[in-house]
Structure formats: C-alpha cells, structure tokens
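Dear colleague,

Please find below the structure that I am handing over to you. My findings follow directly after it.

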Amino acid sequence: MKNLGIKTRVILLGTLLALLLDIILAGYAISNIFKVLNQSLHNRVRIIRSQLAPAAEYGVISGKYSALKQMAKQALNNERKLKSVLITDRDGSVLAASGPKIPEAILAKLIDAGVKTCNGLMALYFPPLLIAA
Amino acid sequence: MPDTTDIEYISQESELIPQLKKTLENNGVLLVVPDALIFNRETAQPILLTTYRHQKPVFGYSLSYVKAGTLAAVYSTAKQIAKQAGELAVKAEQVSSLLPPPQAPRYFSITVNYQVARSLSLPILDEDAIDKKMHQAETSEHEVGRN
C-alpha cells in the first residue's frame, strides 16, 4: 500500500466504494424482487382462497365431503402451479385434500403450528405456499 | 326455544330468501314441509346456507334432506309404512271390513347429520337414544289418548 502512488490509491478507493455501493444496490434489488414475488404469491393465494372459501361453505357445514374433494381437485387442475389444496374446518381438521402427499418434515411443522389431521390426510396451508418448481 | 310456530307465506320464489331471513330472526328452528315452490332442488342449498348463517337448525322430512344438510329428519321408510298398512289390513279383516281413518305413522326412523350439529355447535344425543326417547314419548301419548 505504501508503494502505491496517490493516483493508484484514489482509483483503488473509488473502485472499492463503487464495488461496495454495487453490492448494496444488488442486495437491495434482489431482496426487493423476492419481496415482490412473495407478495404476488400471497395475493394469488388470497384470490384462490377467496374464491374457494364461499364455494366450500355449504360442503363444510353440511358434511358433503365428496363435493369438497371434487372442488379441491378442480382447483388444483385449474391452477397449474398450485401444488396442493386442503379444505379444513374451523378446528383445522382436514375435510378434503388434493395434490401430492406433503413431506413429513412440512407435516411436522404444520402439526407444531396446531393443525390437526384427520384419517391420515394432510393438514392446512401455511405461508409460504407450496408451489411446484 | 319458543313453543309457538310462525308460518309465513310467499307467492313467488324471489320472496323466499328475504322472507326466510326475516322468519329466522324470530324463530329457533326451521321445519321443511313438502312444498315444491319453497323446497326444491334449486332452493335447498340457498335455504340451508341462509339458516347456517343465522345459526339456526333445519329439520327435514326425509333421509335425502339430512344428506343435503338439515340437522335431522324424522321419516317413515317404505318398509315401515308397509308394515303399518299390513297391520291395519289384518285388523280390518278381523274386526270389520272398513279401514280406519288416515293416521300418523306408527313406525319411523330418525337420522341426524352430526357434521351440521358440530357446525352449529349443538350437542346432540346419538340416534338410538333419540329414537328411544321419541318412541317412549309416542307410547305415553297413546296411553294418555286411550285414558
């Protein structure tokens, strides 16, 4: 460092500052993109839920589980990127489910979060929503 | 639960849900009656949803109604009606040739939709216990009638 001339030192300092600024900006941009993606994911889930919930109301209260299963299956077919649909009652017991079996680790997490299971079916959705890659 | 029955009339299907909402505010339960204008395939679901939102139970008159989402139904199966009819026919043959006047079913079944009971937070006895109680009440009513 001592052998470097003033010109080199200024260039080095400027480059380091620019690099630091670049890293900060890139970090901010990446985190922002993740935030926006996450937000759009949540919005999409909210829309799907707000469409499914009123439609499922009758089946949940009257105990027409076959209709609920059909509905969960249809929702999965309509939304290609959706991995799994679960309809639960207010206690969290699963009334209908569609999609592949949820991994044990995620199930354990859901049970820890207070979600019950019923007849070996899987439990409730929790954000972040599982979306197929 | 009130011990009186409110009867409301409607002249067209569009009046059904507003009138039902009004009726449910002042009544504890809704009884389904065999009236095709009020209870049919198209109206059954909106009626049941309206009663769920008012947290009021509905009693149907057939097993199909329980499956559709009423809390419970008391009904006679074809077998039960045939049994009573057979008994009446045998009795009429023995005593006189005249058949007795129309009468209420002596044999009946009760079915409860426990999912609806849970949804309405209503504690309900099991079907056998209700059946037993109803038949006991029927028997004592018959005895009072005879005395």
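I begin with A:Leu95, which, neighbours within four places in sequence left aside, is in contact with A:Val60, A:Tyr65, A:Leu68, A:Ile87, A:Thr88 and A:Asp89. Please bear in mind that this is a predicted model.

A:Leu95 also belongs to the largest nonpolar core, which holds 27 residues. Together with A:Val60, A:Leu68, A:Ala72, A:Ile87, A:Ala96 and B:Leu48, A:Leu95 is among the members that touch the most others. Both chains supply this core: from chain A, helix H1 (6-62), helix H2 (65-78), strand E1 (85-88) and strand E2 (94-98) each give two or more residues, as do helix H2 (44-53), H3 and E3 of chain B. As a general matter, nonpolar side chains tend to be buried together in soluble globular proteins.

Chain A

Three helices and two strands make up the secondary structure elements of chain A, and along the sequence they follow the pattern α-α-β-β-α. Of the 133 residues in chain A, 19% are buried. Among the contacts in chain A with a separation of 6 or more, 47% are between residues 24 or more positions apart.

Contacts between the chains

How many residues of chain A are in contact with chain B? Five residues of chain A are in contact with 10 residues of chain B. On the side of chain A, these comprise two nonpolar, two polar and one charged residues.

Chain B

In chain B, four strands form an open sheet with mixed pairing, in the order E1-E2-E3-E4. Strand E1 (30-31) and E4 of chain B are at the edges and have a single partner strand each, so one side of each lacks a neighbour in the sheet.

Within this sheet, strand E2 (residues 58-60) of chain B pairs with strand E3 (residues 72-75) of chain B in the parallel sense, over two bridges. Here B:Phe59 stands opposite B:Ala72 of E3(B). Helix H3 (residues 63-68) of chain B, together with E2(B) and E3(B), makes a right-handed β-α-β unit.

By contrast, E3(B) and strand E4 (residues 109-112) of chain B run antiparallel and are joined by four bridges. In this pairing B:Tyr75 is found opposite B:Ser109 of E4(B).

With kind regards

Conventions: Residues numbered from 1 in each chain as written. Chains lettered and ligands numbered in written order. Predicted model: local features only at pLDDT ≥ 70, side-chain atom pairs only at ≥ 80, totals over all residues. Buried ≥ 20, exposed ≤ 12 C-beta atoms within 10 Å, placed from the backbone. Contact = placed C-beta atoms within 7 Å. Nonpolar A, V, L, I, M, F, W, Y, C, P; charged D, E, K, R; others polar. Pairing = 2+ DSSP bridges. Right-handed = clockwise from strand over helix to strand, strands pointing away. Core = buried A, V, L, I, M, F, W, Y, C linked by C-beta atoms within 7 Å.
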